[in-house]
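The structure comes before the details.

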Amino acid sequence: MSNKQKKNLARILIALVAYIAAIVATRLIPLQGVAQLIVFLAVYAIIGWDVLWGAVRNIIRGQVFDEQFLMAVATIGAFALKDYQEGIAVLLFYQVGEWFESYALGKSRRSIAAAMDIRPEFANLQLPDGSLQQVSPEEVAIGDTIIVKPGERVPLDGTILEGRSALDTSALTGEAAPRDVESGEDLISGCVNLTGTLTVKVSRPYGESTVAKILDLVENSSAKKAKTENFITRFARYYTPVVCIAALLLAVVPPLVTGQPFSQWVYRALTFLVISCPCALVISVPLSFFGGIGGGL
């Protein structure tokens with residue numbers, strides 16, 4: 001858990017305690033009017049200041065219709081209708097959801113970062129005179145001989161010519177138990193040599209090695225959007241403004257037609273606005289892809 005996630009979790013817990021305390025206080029002490037508003041505004045400031053600031057900042061940048069804007073409108077509207085408890089409860093649920101999303105995303109990113117550690121930094125190339133030269137794995141050709149010492153990561157795929165050792169393959173296979181290898185066996189890149197020195201004849205260039213293919217798959221999977229994700233992004237671009245316009249019409253048209261109180265229909269419009277918020281739909285697709293990548297490593 002990062003420091004930011006710890007701070008956000010602490011803020012949620014503090015706001016929850018303050019929210020419960022405000023409810024109890026308003027019931028034990030019959031606060032009315034401005035006094036009640038001030039009490040709940042204090043709680044709102046703890047849990048919702050970043051949402052309001054995010055909405056204002058996005059409006060300045062020209063990005064009006066997003067989940068922060070919808071949450072700001074819904075909660076401010078709830079306060080305007082004097083439904084203070086409901087407004088803060090919506091913000092609490094929203095912030096809890098944001099925290100779980102951040103935690104899951106951070107965990108996936110750490111898994112992907114750990115996968116990036118399997119990239120070999122060098123290879124010990126054996127020269128014709130028997131000496132060793134540290135070179136980049138990209139410089140080693142098929143048929144060259146490399147030496148993998150204990151504690152080093154296997155830089156390239158090949159066949160063991162001499163030596164016996166135990167390999168840590170957990171970064172590739174997830175298997176915790178070391179794997180014993182000896183001369184004549186195939187060796188894949190990305191493993192860590194634990195015990196003995198191995199002499200290896202390279203069978204593939206670095207670009208076609210196991211570790212290069214794994215890193216390429218991870219990088220491309222996290223960088224490219226799937227067709228489903230692209231569709232959801234386009235869908236939200238049109239869906240959110242439609243929802244906002246529909247909520248505005250719901251708040252204005254029925255009272256004018258039926259003569260019912262505006263407050264009743266404004267409340268319904270705000271409820272519709274919160275329920276129709278597409279943030280969960282938009283976030284679920286990329287988050288599931290990204291989480292799958294991290295969980296698969």
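## Thr173

Thr173 is exposed, at a relative accessible area of 55%; here buried means under 20% relative accessible area, exposed over 50% and partly exposed in between (1.4 Å probe, protein chains only). Thr173 belongs to helix H5, residues 170–173. Helices (H or I, at least four residues) and strands (E, at least two) are DSSP runs, numbered from the N terminus.

## Basis

This is a predicted model, in which local features need pLDDT of at least 70 and side-chain atom pairs count only at pLDDT 80 or more, while totals for chains, interfaces and linings use all residues. Residues are numbered from 1 along each chain as its sequence is written, and side-chain values use heavy atoms, with hydrogens and water left out.

## Salt bridges

A salt bridge is a side-chain nitrogen of Lys or Arg within 4 Å of a carboxyl oxygen of Asp or Glu. The count is 4 salt bridges. One of them joins Asp50 and Arg11, at 2.9 Å from N to O. This pair connects distant parts of the chain, helix H2 and helix H1 (residues 3–28), 39 residues apart. Asp50 is partly exposed at 23%, whereas Arg11 is buried at 14%.

Arg164 and Glu182 form a salt bridge at 3.6 Å, N to O. Arg164 is exposed at 63% relative accessibility, and Glu182 is partly exposed at 35%.
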